[in-house]
Each structure stands twice: as structure tokens, then as C-alpha cells.
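The following note sets out some remarks on the model under review. The points begin with the ligand and then turn to individual residues.

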Amino acid sequence: MPVHQLQDRLILTHPKGASAEILFYGATVVSWKSATSRDPHPTERLFVSSKALLDGSKPVRGGIPVVFPCFGAPTHPDHSKLSQHGFARSEVWSWYGATVMDNEAGVSVRLTLAPTDRIKAVYSSLFHLNYVVTLAEHQLSTDLHVENTSTSKDFPPKPLEFQALLHNYIRAPSDQVLVVPLKGLHYYDKTEPTEQARATPKVETRAGVDVRTYTDSVYENAPGKYEVTWPGGGIEIKATHFKDVVIWNPQEEGHKIGDMEDGGWEKYICVEPGYVRGFIQLEPGKKWVGQQVISVIQDERRMNT
Ligand code: TA6
């Protein structure tokens with residue numbers, strides 16, 4: 001069976017050896033294994049801290065948490081009662097048994113989230129989320145579908161205003177990994193000590209962005225296609241309708257993160273396509289889709305050496 005259901009997760013398997021695991025909690029992808037043509041042994045591509053709690057008591061430290069409807073601390077009045085990065089990553093999503101696709105190309109499932117009593121207590125906007133995860137031989141796609149389920153008969157008709165981001169923890173040596181192409185983009189440096197400095201855009205001057213020092217940068221209007229490479233390996237991320245990208249690695253600051261394993265920051269880079277500068281406005285009855293396709297780079301010439 002290409003889709004196997006356990007109590008807390010779905011396991012997708014591909015005939016060529018790839019696999020993915022998706023927790024119902026947060027719809028968090030906690031494992032993606034894929035081989036390359038050089039190494040036919042499926043290798044883990046995501047980082048999950050060994051101290052991460054997977055029991056639904058707090059968002060997972062690793063994998064691909066789904067960030068919705070706010071990124072970071074809430075700044076929009078509709079989000080004022082929400083916690084950092086919103087509720088999508090800390091709610092239990094539903095799976096109704098449907099396999100969206102199951103063929104040679106890949107296997108795909110859809111999880112959904114609609115307002116629960118817990119969400120309604122802190123958030124009054126109406127919405128419906130579908131999250132479609134597709135596993136192919138060398139590729140993982142995750143598509144977030146957002147619908148404003150309020151109707152134009154509601155008075156006043158209420159647009160849904162939200163941010164969304166896929167918080168990918170890509171397994172990579174953080175002292176060697178580089179991300180391209182970000183040169184020339186404006187970014188906001190969240191490591192700056194003052195509010196004013198954090199709100200002042202900088203211009204990226206580096207051809208390849210590294211995370212050898214504490215990095216927490218929000219790149220605005222980014223190209224949507226990124227290569228994340230290190231000697232001997234690499235991942236490509238293609239994003240659609242996610243106009244921004246966040247690069248994060250805490251380095252030694254990681255000691256302050258309770259569920260981060262010791263030295264965990266040496267094992268990953270977060271490259272997070274999102275819409276996080278400003279808000280997406282969705283009129284009643286309308287839908288929006290943000291998509292990413294993550295692929296294993298096969299060609300050694302595309303890796304940094
Ligand atoms: O996406 C980067 C970021 O917003 C950082 O500022 C850092 O705090 C990280 O996410 C992790 O956030 P979390 O709420 O999961 O601890």
C-alpha cells in the first residue's frame with residue numbers, strides 16, 4: 001500500500017524507495033527519504049531534533065511545520081490572540097482516507113483543517129485549509145490551499161487576511177551549505193538588536209548565502225527557485241505564490257531552544273518559502289494556493305565544492 005495509516009501519522013511510499021511521513025498533528029512532514037542516481041539508498045532529507053516532541057504537546061522542532069495565518073509574532077489585529085507562527089502547526093488535521101494520486105509519477109494525500117472550537121476561541125475569521133503532500137521518486141511537493149469560507153452575504157463581507165509559510169528544516173551541514181540566488185534582494189535581519197534595525201531593509205551582497213553565523217533573514221520578493229547545496233549534496237526548492245523566503249539557523253543561540261538537540265543547528269538549514277511581508281487578502285468565497293516542490297539535485301556540477 002503506498003499510503004499506510006498509523007495512529008499519529010501517514011506513511012507514503014514510492015515504488016523506487018522514497019518515503020514520507022506526515023503527522024496529523026500540524027500536518028507536519030517529519031520525514032522525507034529519497035535516493036539519488038549515485039546513491040540508491042534512500043537518505044533522510046529533513047532534520048527533526050531528537051528532542052522534538054511528536055505527541056501534539058508543542059509544535060515539532062523540525063520537518064516541515066505549516067505556518068498560518070501569521071508568521072512570527074502576530075502583527076495583524078485579526079491575529080492578536082494567536083501565538084507565534086499561528087495555529088496550523090499545532091492543530092490536529094483530518095484525513096478522510098482519500099488518495100489524491102497513486103500512479104507511476106507519485107503518491108499524494110490531502111489533509112484538511114477547518115475552525116475547531118479551540119481555534120474559534122482565538123480567531124474569528126472563517127477558512128478552510130487543504131494541504132496536499134505528493135511524493136515522487138526524487139521529489140516532495142507540499143501545496144497549501146486556503147479558502148475564505150465566509151460568504152458575500154455576511155455583512156460586512158470579510159476578507160481573509162493572512163500570511164503563510166512552509167518552515168522547511170533541510171538536513172545539511174550548516175558550516176558548508178550555501179543558498180542561491182539571493183544576491184541583490186532586500187532582506188530584513190531579525191538578528192538585529194533593535195526594532196528599528198530589524199525594520200530597516202538590507203541588500204544582500206553575497207552570491208551564495210551561508211549560515212555559519214546566527215542567521216534569521218526575511219528576503220522580500222525573492223525569485224521562487226532556490227538551490228541549497230553543500231559539497232556532495234543539494235536540494236532545489238521551487239515555490240509558487242510564496243513571494244518571500246526566510247533563511248534561519250540559530251547556530252550557538254540554539255542552546256536557548258528547549259527542544260533543540262545539542263549541536264542540532266550544525267545539521268540543518270531552514271529555507272522557508274512564504275508570504276510573510278504584508279498579507280494575502282482573500283475575498284469571501286475565494287481560494288489561494290501556495291506550492292513548493294523540493295527535489296534532490298542529481299548533478300554534481302550544481303553542488304558547491
Ligand atoms: O522562520 C524563522 C523563525 O521565525 C525564527 O525567527 C525562529 O524563531 C524560528 O522561526 C523558529 O520559531 P519557533 O516558533 O518554531 O521556535
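1. In this predicted model, the shell around the ligand comprises three nonpolar, four polar and three charged residues. The residues that surround the ligand are Pro59, Gly72, Gln84, His85, His167, Lys190, Asp216, Val246, Trp248 and Glu272.

2. According to the unreviewed UniProt entry, the annotation "active site" covers His167 and Glu272.

3. His167 is located in the loop between β11 (160-166) and β12 (169-171). This residue is buried because 23 other C-beta atoms lie within 10 Å, the threshold being 20 or more. Leaving aside residues up to four places away in sequence, His167 touches Ile64, Pro65, Val67, Cys270 and Glu272.

4. Glu272 belongs to strand β20. With 26 C-beta neighbours inside 10 Å, Glu272 is likewise buried. Its contacts, not counting residues up to four places away in sequence, are Leu165, Leu166, His167, Asn168, Val245, Val246 and Trp248. Val246 and Trp248, among these contacts of Glu272, are also listed around the ligand.

5. Ile257 occupies the loop between β19 (244-249) and β20 (268-282). With 14 other C-beta atoms within 10 Å, Ile257 is partly exposed. Ile257 and Arg61 are 196 residues apart along the chain, and their C-alpha atoms are separated by 9.4 Å.

Definitions and conventions: Residues are numbered from 1 along each chain as its sequence is written. This is a predicted model: local features need pLDDT of at least 70, side-chain atom pairs count only at pLDDT 80 or more; totals for chains, interfaces and linings use all residues. Helices (H or I, at least four residues) and strands (E, at least two) are DSSP runs, numbered from the N terminus. A residue is buried if 20 or more other C-beta atoms lie within 10 Å of its own, exposed if 12 or fewer, and partly exposed in between; C-beta atoms are placed from the backbone. A residue is near a molecule or strand if its C-beta atom, placed from the backbone, lies within 6 Å of it. Ala, Val, Leu, Ile, Met, Phe, Trp, Tyr, Cys and Pro count as nonpolar, Asp, Glu, Lys and Arg as charged, and the others, Gly among them, as polar. UniProt positions are given in the numbering used here, feature names are shortened, and annotations may be inferred rather than shown by experiment. Two residues are in contact if their C-beta atoms, placed from the backbone, lie within 7 Å.
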